[in-house]
Amino acid sequence: MDKKTSKRYLKNFLEFESWRQEQGLEGTKLADMDTDLETWAEFLFYEVSSARGGRQKIVNAKAHLVLLRPEAKNQLPATAKAIRGWDKLVPPNQRPPAPRSVVFALTRLFAARGQRQMALIVALAMDCLLRISEALALTTDTVNPAAEGAGGNILVALHLEKTKTGRHKSVTVKCPALAREIREYLPTLLEGGRTCSRLFFLTAAEVNSNIATALKELEVPYIFTCHSLRHGGATAMLMDGISIQDIKFRGRWACLQSLENYLQVWNALVLQVRTPMDVADYGRYYLQHPMRLFGRPDPIKVANFLRAKSGRGL
């Protein structure tokens, strides 16, 4: 460990000890120290102006205590729980959500090139707020193209057998163009007498790599991943006036309070994204004409768009 880190650990531990003295706390057993660190975390959460800075103080004080007393390693459950709770309530610095125009531009780019699986994954991640693991786990058995919804409406429903917040969740596709494309895509997977098939034959790394390559071609100066599309979908719903409770239900978040904090951060971040004007216009066109989003592949038109963009030096 370098001296700078060691000094930072010591500084925050002494700050913790000073706070303990002020509170009249004198216990020296690990259980006492663990409880006191948890209480200090609660104090800092409500009293310290920089929430992320307060969390780091807890982490540093805990690290120094482990240096002083090696037996404390993995023996401070209350402190560990406080740090995990802090992370849920105060999101760390993260990448901005992908704006709708960028997602629609990406979807059309993949569709026009005949990369049907990538177009569907990108669109589903935003429309259904899917995590990459949820999208790649879909099969023809877990997608119902003729589910009956409210009022007898026929919907495309996804059965998510395993999610981060529990098993057997579901979500329906909202975008009519996306629903139509899924209905047309499913039969192609069952050709040759197959009774069940995965929907997508890509890995998470390949999906994110393809997105990164497409963004580079579009000269979008941000690193968006599949998770950025999920966050972008939630932020778009908030901007459309959808209640946080409904966003929580659709996105399968476990905690309403943590989602509320996330949305505040995402909304601020997405408003700072500066999408190249031609890419924004390209995406907005398909946002306004969604039934053309999954039109026939047209790689020549896409190539001409990218060539013109490069020629303008954008």
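The following questions and answers look at a nonpolar core and at aromatic pairs in a predicted model.

User: How is the model numbered, and which pLDDT do local features need?
Analyst: Residues are numbered from 1 along each chain as its sequence is written, and side-chain values use heavy atoms, with hydrogens and water left out. In this predicted model side-chain atom pairs count only at pLDDT 80 or more, totals for chains, interfaces and linings use all residues, and local features need pLDDT of at least 70.

User: Which residues have the most contacts inside the largest nonpolar core?
Analyst: A nonpolar core is a set of buried Ala, Val, Leu, Ile, Met, Phe, Trp, Tyr and Cys residues joined through side-chain atoms within 4.5 Å, where buried means under 20% relative accessible area, exposed over 50% and partly exposed in between, with a 1.4 Å probe and protein chains only. The largest such core has 60 residues, and those with the most contacts inside it are Leu124 and Leu158.

User: Is the ring pair of phenylalanine 16 and tryptophan 40 stacked or tilted?
Analyst: Rings of Phe, Tyr and Trp (its six-membered ring) pair if their centres lie within 6.5 Å, and planes under 30 degrees apart count as stacked, over 60 as edge-to-face and the rest as tilted. Here the centres are 5.4 Å apart and the planes stand at 45°, so the pair is tilted.

User: Is tryptophan 40 buried or exposed?
Analyst: Tryptophan 40 has 1% relative accessibility, and therefore tryptophan 40 counts as buried.
Phenylalanine 16, at 0% relative accessibility, also counts as buried, and for tryptophan 40 the answer is likewise buried.
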